[in-house]
Amino acid sequence: MFQFTPTAELRDVTLRDGLQLTGKLLSTERKLDVARSLLAAGVPSLEIGSMARGDLVPPMANTLEVISELTDEELEKCWVWVATPRHIEKAAAAGARNFQYCFSASDSHNKANIGRLTEDSLAAMPDAVEITRSVDGQIQLCIATSFTCPFEGQVPQERVLDIARDERAHGATDIVVCDTLGQAVPAQVSSLITRVVDETPQRRIVFHGHDTWGLGVANTLAAITAGAAMVDGSLGGLGGCPFAPGASGNTSSEDILFATRPDWFQPDTLATMVDLSEKLLAELGEPMRSKTVQGAHSSADKFEWVL
């Protein structure tokens, strides 16, 4: 079976970035069912929730309950969005060990999203790293609005690189480069990822993209070619940031997998994910944005990927 090379690991972010704009809180049991179904299908990594305040982002209100119900083995493959050292303390107490410490390259979005300036978030990162190490965990440096900001427009590459080079972030095992608004084009993604690889401390590179302008898969492939080893997607293209006007759904996990064809992804795996995706989006009252899911229902039944 054809495989896109170089390869990258998919992290499905349905249970965090996917859900946060829906306005509907899924039960802990339903979230656990989705997480375990994805892991059973072979998805190597998940983002399972956020420590954002439940009154501000209601779909995340039961994140701690979800963490506490997962096994240690399951939690090894799961990431939790955090924005402060205190978030890490609370998530770690529930059992989490993988933390995505996120703030924005642009001050305006960081204030809207987290309530502080970018410098304040960066200044707190050494404490976040120390707490993570105390529980033998992993922490990612996640830079939102790495390409554009809804309030400030284009974000200079040097702004992102300065954050990535900052000594206060050197404890991160990974760096997540985010096209929060889905406004980047492949040439921009390739350029920035290449510079992060070449000009900042060696870490695993993660690309987080959105499909707002229809370039989610193209940008993801550009990121992988430039050196990203992990890429984010969500079931059916669900998602978006509640504090970023204009942000729409994430790049579809199904579309990324169909384009990259990792060894574990086979036609029967797609069928399982399509069933899970369609039922979840129907439950949430959300539209199906995945072109792969749509294609899987075509009448071209000689193609092995058609259901």
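Trp305 counts as buried because its relative accessibility is 3%; buried means under 20% relative accessible area, exposed over 50% and partly exposed in between, with a 1.4 Å probe and protein chains only. This is a predicted model, in which local features need pLDDT of at least 70 and side-chain atom pairs count only at pLDDT 80 or more, while totals for chains, interfaces and linings use all residues. Residues are numbered from 1 along each chain as its sequence is written, and side-chain values use heavy atoms, with hydrogens and water left out.

**Aromatic rings**

- A pair of aromatic rings is described by the distance of the centres and the angle of the planes.
- Rings of Phe, Tyr and Trp (its six-membered ring) pair if their centres lie within 6.5 Å; planes under 30 degrees apart count as stacked, over 60 as edge-to-face and the rest as tilted.
- The structure holds 5 aromatic pairs.
- The pair of Tyr101 and Phe103 is edge-to-face, because the ring centres are 5.9 Å apart and the planes stand at 75°.
- Both Tyr101 and Phe103 are buried.
- Phe265 and Trp305 form a stacked pair, with 5.3 Å centre to centre and 20° between the planes.
- This pair links distant parts of the chain, 40 residues apart: Phe265 is in the loop between α12 and α13 (267-284), and Trp305 is in the segment after α14 (291-296).
- Phe265 counts as buried because its relative accessibility is 0%.
- Ring pairs join Phe258, Trp264, Phe265, Phe303 and Trp305 into a cluster.

- Helices (H or I, at least four residues) and strands (E, at least two) are DSSP runs, numbered from the N terminus.
- In strand β3 (residues 78-82), 5 of its 5 residues are buried.
- Cys78, Val80 and Val82 lie on one side of β3, with Trp79 and Trp81 on the other.
- Two strands pair if DSSP finds at least two bridges between them.
- β3 pairs with strand β2 (residues 45-50) in the parallel sense over 4 bridges, and Trp79 in β3 is the bridge partner of Glu47.
- β3 also runs parallel to strand β4 (residues 98-104), joined by 3 bridges; Gln100 in β4 is the bridge partner of Trp81.

**The cavity**

- On a 1 Å grid over the protein atoms alone, a cavity is a set of points where a 1.4 Å probe fits but cannot get out; lining residues have an atom within 4 Å of a point.
- Grid points are joined across faces, edges and corners, and a volume is the space filled by probe spheres set on the points.
- There is 1 cavity of 30 Å³ or more, and the largest cavity has a volume of about 40 Å³.
- Its lining is made of Ala8, Leu10, Ile224, Val231, Ile256, Leu257, Thr260 and Pro262.
- Helix α12 (residues 253-260) gives the most to this lining, with 3 residues.

**Backbone details**

- The peptide bond from Thr5 to Pro6 is cis, with omega near 0°, and Pro6 belongs to the segment before β1 (9-12).
- Thr145 is not a glycine, yet has a positive phi of about 45°; Thr145 sits in the loop between β5 (138-144) and β6 (148-149).
- Arg261 is not a glycine either, and has a positive phi of about 55°; Arg261 is in the loop between α12 and α13.
- Arg261 is buried, with a relative accessible area of 13%.

Methods. 1 Å grid on protein atoms, 1.4 Å probe; cavity = no way out; pocket = protein on both sides within 12 Å on 5 of 7 lines; lining within 4 Å.
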